[in-house]
Amino acid sequence: MDFLPADIENYCIAHTAEEPDLLRRINRDTHAKVLKPRMLSGHLQGRFLAMMSGLVRPAVVLEIGTYTGYSAVCLAEGLQPGGKLITIDVNEELEAMVRRYFSQSGYGDAIDYRIGDAMEIIPQLEDGLDLVFLDADKKNYTHYYDLVIGKVRSGGLIIADNVLWSGKVAAASSATDRETAAILAFNRKVHEDPRVFNVLLPLRDGLMLLQKK
């Protein structure tokens, strides 16, 4: 995930809007107490997500993959008045921790946090999603995409994380790795989908930004 020299990345972070206090605490706590803290969106990507949400001013956001709640709080910053964010995760062990962060965020009433299988929950959601953030198990990325694309409004956004997969997508020798193969299949699928306008951004571990036509 470390594509930029450390000094360049640090310069980018130093010239990016500050993390709000709660996000700084989630960042610190995740690195201190939770396994695989690199899964956290972090300062630079988090501010990007907050900015994209602020530009869209969504009424409904769907996040697939909550982890410790950092990205959900970022995305909630851009909600229009009365808007809601639905975030789905399978990890029950983090639920108490995440709910505490949400209650302290100022967006608690707007966040619908669901523990369960996204493959079962997504079909139950209403159409008209304004923004979707996909950051869950990589083997199901194409399945999640198939489930949400019909529910996203025209002009709405889908943002998928980890689409560079630590650079493995560019190494032909890695194509036999199951997760890398899944990311390659996802990237190819969305790039060839005439329903969307896509840009792959080399931000952190890669973000695929899609706008539904």
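**Close-up views of a predicted model**

**View 1. Helix 2 packs against helix 5 (residues 95-105) at an angle of about 165 degrees, and their axes lie 10 Å apart.** Welcome: this is a predicted model, in which local features need pLDDT of at least 70 and side-chain atom pairs count only at pLDDT 80 or more, while totals for chains, interfaces and linings use all residues. Residues are numbered from 1 along each chain as its sequence is written, and side-chain values use heavy atoms, with hydrogens and water left out. Helices (H or I, at least four residues) and strands (E, at least two) are DSSP runs, numbered from the N terminus. Axes are lines fitted to C-alpha atoms, for helices over the stretch in contact, and angles run from 0 to 180 degrees between N-to-C directions. Helix 2 and helix 5 are therefore roughly antiparallel to each other (an angle over 145 degrees). The contact (heavy atoms within 4.5 Å) joins L22, R25, I26 and D29 of helix 2 to M97, Y101, Q104 and S105 of helix 5.

**View 2. T30 sits in helix 2 (residues 21-33).** Is T30 buried or exposed? T30 counts as buried because its relative accessibility is 0%; buried means under 20% relative accessible area, exposed over 50%, and partly exposed in between (1.4 Å probe, protein chains only). Leaving aside neighbours within four places in sequence, T30 is in contact with P37, L40, Y67 and T68.

**View 3. Helix 3 (residues 42-56) is largely enclosed by the rest of the structure, because 11 of its 15 residues are buried.** Among the buried residues of helix 3 are H43, F48, L49 and M52. The end C-alpha atoms of helix 3 are 21 Å apart, which agrees with the 21 Å that its 15 residues should span at 1.5 Å a residue (the expected span is 1.5 Å times one less than the number of residues). Just after helix 3, look for R57, which takes a positive phi of about 50 degrees.

**View 4. Helix 7 (residues 141-148) meets helix 8 (residues 178-191), their axes coming within 8 Å and crossing at roughly 30 degrees.** Helix 7 brings Y141, T142, Y145 and D146 to the contact, and helix 8 brings I183, A185, F186, K189 and V190.

**View 5. P81 lies in the loop between helix 4 (70-76) and strand 2 (84-89).** With 72% relative accessibility, P81 counts as exposed. P81 and E9 are 72 residues apart in sequence and, C-alpha to C-alpha, 34 Å apart in space.

Terms used. Parallel < 35°, antiparallel > 145°, perpendicular 65-115°, else oblique.
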